[in-house]
Every structure is written in structure tokens, then in C-alpha cells.
Amino acid sequence: MASTEAGSSMEIEAAAPVAALPTKPIFEPLKAHEMSDGRVQFRKITVPQHRYSPLKKAWMDIYTPVHEQMKIDIRMNLKARKVELKTRADTPDISNLQRCADFVYAFMLGFDVIDAIALLRMDELYVESFEIKDVKTLKGEHLSRAIGRLSGKGGKTKFAIENSTRTRIVIADTKIHILGSFTNIKVARDSLCSLILGSPAPKVYSKLRAVTARLAERF
């Protein structure tokens, strides 16, 4: 009799329903204004005197991708001579603000809109700047000749380095700005430094061909 009672109790315990696990919650990604507790984020980029006219001509080319695609408000403050950027309620990602600031800053350095707009679309691109005096202290005609070696006849040397390393280079007096990925910027910078130090262009070309061929094999 006792054994039958024990058997029935075991059956009752086995038949007890198992509690269903709660469903996994699905959270929507936070908007830019939600990540900053509703505060609007700002960026301001100063417009140099010599880039004021090019900015007026290319304003719509800059405004359209920033406002329409990146969902960032942009305006020109004529009194302060600065381009002002701010996030909106429908900005999908807070990083879009910094990307747009980098894009506008690259244009102010002298890059074309077609080249600078790549900063909005690719993550691994950035701008690096240095001066000729950082490599070697040059004055007078020596400095002028160094700048001439960097550009080459009709910009031939600069274009050759750009095409080989897939970068864009702006030579603004004694300042040099390079737009590209980390590895490509390093190769372009090494070539430019060799030219500043006095290496002839053919020697730099041959070294550049060897380095780019090695990079092509690696990737």
C-alpha cells in the first residue's frame, strides 16, 4: 500500500508543468539625442581666409551629403566665419557628427569635395599633416627647391605618389596634408620626406614601386 502511494506521488511530481523562459528582449538602437540625454552636440570649424570663396562655390556639394545622408544640421556663421554642425533628433549615429566635422575640415585644408567626401563613407580614412621644418630645417632658396621637388614639373611627382599610394596630397606652402588609410599615408609620407631630404625623384619612384608591389602582395 505504501509503495503505491509513493509511486503516485512521484508521478504527480513528474507531471508538474515547467515554467516557460522569458523571451529575449529586443532593444532598438539609441538615437544620437538619446545617447547624450537629449542634449544637442555641436562642432565648429573655422574657415581660413583663402578657403572662403571655394566654400561659397562648393557649398551645396558639402551641404547635401551632410544634411540629407548623415542627418546633421549644417550652417555657415558669417559673423564668426565658422561652419557649425549639430545633431538632430533623427541623427542615426552620434559618430556622424565627427565624420562630418572631419569632412568639412579636410575641405578647409584644401582637399576637393570629391576626395574629402570619402571620410563620410569609409571608417579607416583620416588626414595627417606635417611641415617641412619637421623633417629638415630649410630656409630661403633651399626651402623653395624642396617644395619644387615635392610637386615636380606640372605636379608630376605629387600625382605619381598619389596614384601609387592611393592617397591625396595637398601642399600648402610649407605644410603638407595627406588623406588616406594608415598604411598608405605612411608610404606617401616616407616618399615625401625623402624628397625633402634631397633624394632625386627617380630614386624615390623606384623605392615607391618596390614598396607598393610589396603591399599589393600582402593584401
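Tutor: Happy to! This is a predicted model, where local features need pLDDT of at least 70 and side-chain atom pairs count only at pLDDT 80 or more, while totals for chains, interfaces and linings use all residues. Residues are numbered from 1 along each chain as its sequence is written, and side-chain values use heavy atoms, leaving out hydrogens and water.

Student: What makes strand S2 and strand S3 a pair, and in which sense do they pair?

Tutor: Two strands pair if DSSP finds at least two bridges between them. Strand S2 (residues 72-77) and strand S3 (residues 82-87) have 6 bridges, in the antiparallel sense. Strands are DSSP runs of E with at least two residues, helices runs of H or I with at least four, numbered from the N terminus. Within this pair, isoleucine 74 stands opposite leucine 85 in S3. The hairpin has 4 residues between the strands, and arginine 81 takes a positive phi near 55° there.

Student: How do you know that the side chains of serine 95 and aspartate 93 make a polar contact?

Tutor: A polar contact is a pair of N or O atoms within 3.5 Å; within protein, one must be able to donate a hydrogen and the other to accept it, and residues adjacent in sequence count only if both atoms are side-chain atoms. The contact between these two side chains is listed at 3.0 Å.
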